[in-house]
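Hello,

Here is the structure I promised to pass on. Please open it first, then read the notes below.

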Amino acid sequence: MLSCRELVNHADRLLEDDLSFSARIAIKFHLLLCRHCRRYVKQLRRLVAAIPFMHNKATDEEVHKIMDCIHSHRNL
Amino acid sequence: METDKLEQLRSGDPVLFAELVRDHHRALIALTVPIVGISEAEEVVQNAWLKAYQAIGSFAGKSAIRTWLGSIAINEAKMQRRQRKRELLFSDHGDENQNTEDGLAQRFTERGHWQHPPAHWHTDSPESLLTGEQLAECLERLLAAMPDNQRCILEMRDASGLSFEEICNALTVSASNARVLLHRARTQLFKLVDHYEETGEC
């Protein structure tokens, strides 16, 4: 049977639904029996969904600089 | 994005476009730094915003807006690199002095079972998982210390949603290497958030 370590290595492909049929079955079987790995996959999914929000918003100054540049090109 | 908002954006509403700049500018900078370097990233992203504004009418809304903007920024960065005949800063070879180990390697027994299993995370919403004040500071430090090649793939794939095909084209890296680098970056982040959720500290 797949070890937890191996499952963690395959979890990225599981999230992208990019596994062979046999690998998917092996992972599903492992997940059925292992609550730690179920939690890992669930939380990894949550983490990946959160990554697009990890950057701070731009400051007013940064936004104005870009918008001024756009306006000056529109007026050319 | 709601249909009404998308329609307004497509018609060139400057207020909504400024909101877009506010939400995505920093991510686009982070995306282009590994390709053109920090000194040129700002100029590249400014040009990308100009192109995006000119093309916003044709944004179909099939992909996330971040992915659409990310593709424009990457193309702009590649063009600038070609024009200035610069070498790509990205390298898919790990630097021996940098941490290239899987962030969770120490969490397993020799037989590959969990020795220190993941904690239960209390934060549910994707918007707030990584933005708690203390965690955000630790995350910034972790990203700054992360090997450039891992950070680059994380920004492209997870922060901007680019496909592996686009990533491989932009960086001349093989898909298998890109996947290994992404896995290493994600496990480092997982370890950080897991520790924070378990102890309230990082």
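**What covers helix 3 of chain B**

The buried residues of helix 3 of chain B are covered by elements that include helix 4 (60-74) of chain A, along with helix 2 and helix 4 of chain B. Keep in mind that this is a predicted model. Which residues of helix 3 are buried? They are Ala41(B), Val44(B), Val45(B), Ala48(B), Trp49(B), Ala52(B) and Tyr53(B). An α-helix has 3.6 residues a turn, so residues three or four places apart point the same way. The length of helix 3 of chain B also checks out. Its 18 residues, at 1.5 Å a residue, should span 26 Å, and the end C-alpha atoms are 26 Å apart, so the two agree.

**The two chains**

Chain B has nine helices and zero strands. Along the sequence its pattern reads α-α-α-α-α-α-α-α-α. The C-alpha trace of chain B spans about 55 × 40 × 25 Å along its principal axes. Of the 202 residues in chain B, 37% are buried. Take the contacts in chain B with a separation of 6 or more: 74% of them join residues 24 or more positions apart.

Chain A has four helices and zero strands. Its C-alpha trace spans about 65 × 25 × 15 Å along the principal axes. Buried residues are 25% of the 76 residues in chain A. The radius of gyration of chain A is 22 Å, whereas a compact globule of 76 residues would have one near 11 Å.

**Where the chains meet**

On the chain B side, 39 residues are in contact with 31 residues of chain A. Helix 2, helix 3 (38-55), helix 5 (126-129), helix 7 (148-159) and helix 9 (175-199) of chain B each supply at least two residues of the side that touches chain A. Helix 2 of chain B gives the most to that side, with nine residues. By class, the side of chain B that touches chain A has 23 nonpolar, seven polar and nine charged residues.

**Two domains in chain B**

Chain B divides into domain 1 (3-83) and domain 2 (105-199). Their C-alpha centres lie 24 Å apart. Contacts link 12 residues of domain 1 of chain B with 10 residues of domain 2 of chain B. On the domain 1 side, the elements that give two or more residues are helix 2 and helix 4 (65-83) of chain B. Helix 4 of chain B provides the largest share, six residues. That side of domain 1 divides into seven nonpolar, three polar and two charged residues.

**The core**

In soluble globular proteins, nonpolar side chains tend to be buried together. Here the largest nonpolar core has 67 residues. Those with the most contacts inside this core are Leu47(A), Leu28(B), Val45(B), Trp49(B), Ala73(B) and Ile153(B). Helix 2 (residues 14-36) of chain B gives the most to the core, with 11 residues. Domain 1 and domain 2 of chain B each contribute at least three residues to this core.

Two of the names above return from helix 3 of chain B: Val45(B) and Trp49(B) are among its buried residues. As for Ile153(B), which residues does it contact, leaving aside its neighbours within four places in sequence? They are Ile167(B), Ala178(B), Leu181(B), Leu182(B) and Ala185(B).

Best wishes

Note on methods:
Residues are numbered from 1 along each chain as its sequence is written. Chains are lettered from A and ligands numbered from 1 in the order in which they are written. This is a predicted model: local features need pLDDT of at least 70, side-chain atom pairs count only at pLDDT 80 or more; totals for chains, interfaces and linings use all residues. A nonpolar core is a set of buried Ala, Val, Leu, Ile, Met, Phe, Trp, Tyr and Cys residues joined through C-beta atoms within 7 Å. A residue is buried if 20 or more other C-beta atoms lie within 10 Å of its own, exposed if 12 or fewer, and partly exposed in between; C-beta atoms are placed from the backbone. Domain bounds come from an automatic or database domain assignment. Two residues are in contact if their C-beta atoms, placed from the backbone, lie within 7 Å. Ala, Val, Leu, Ile, Met, Phe, Trp, Tyr, Cys and Pro count as nonpolar, Asp, Glu, Lys and Arg as charged, and the others, Gly among them, as polar. The expected span of a helix is 1.5 Å times one less than its number of residues. The radius of gyration is taken over C-alpha atoms; the globule rule is 2.2 Å times the number of residues to the power 0.38.
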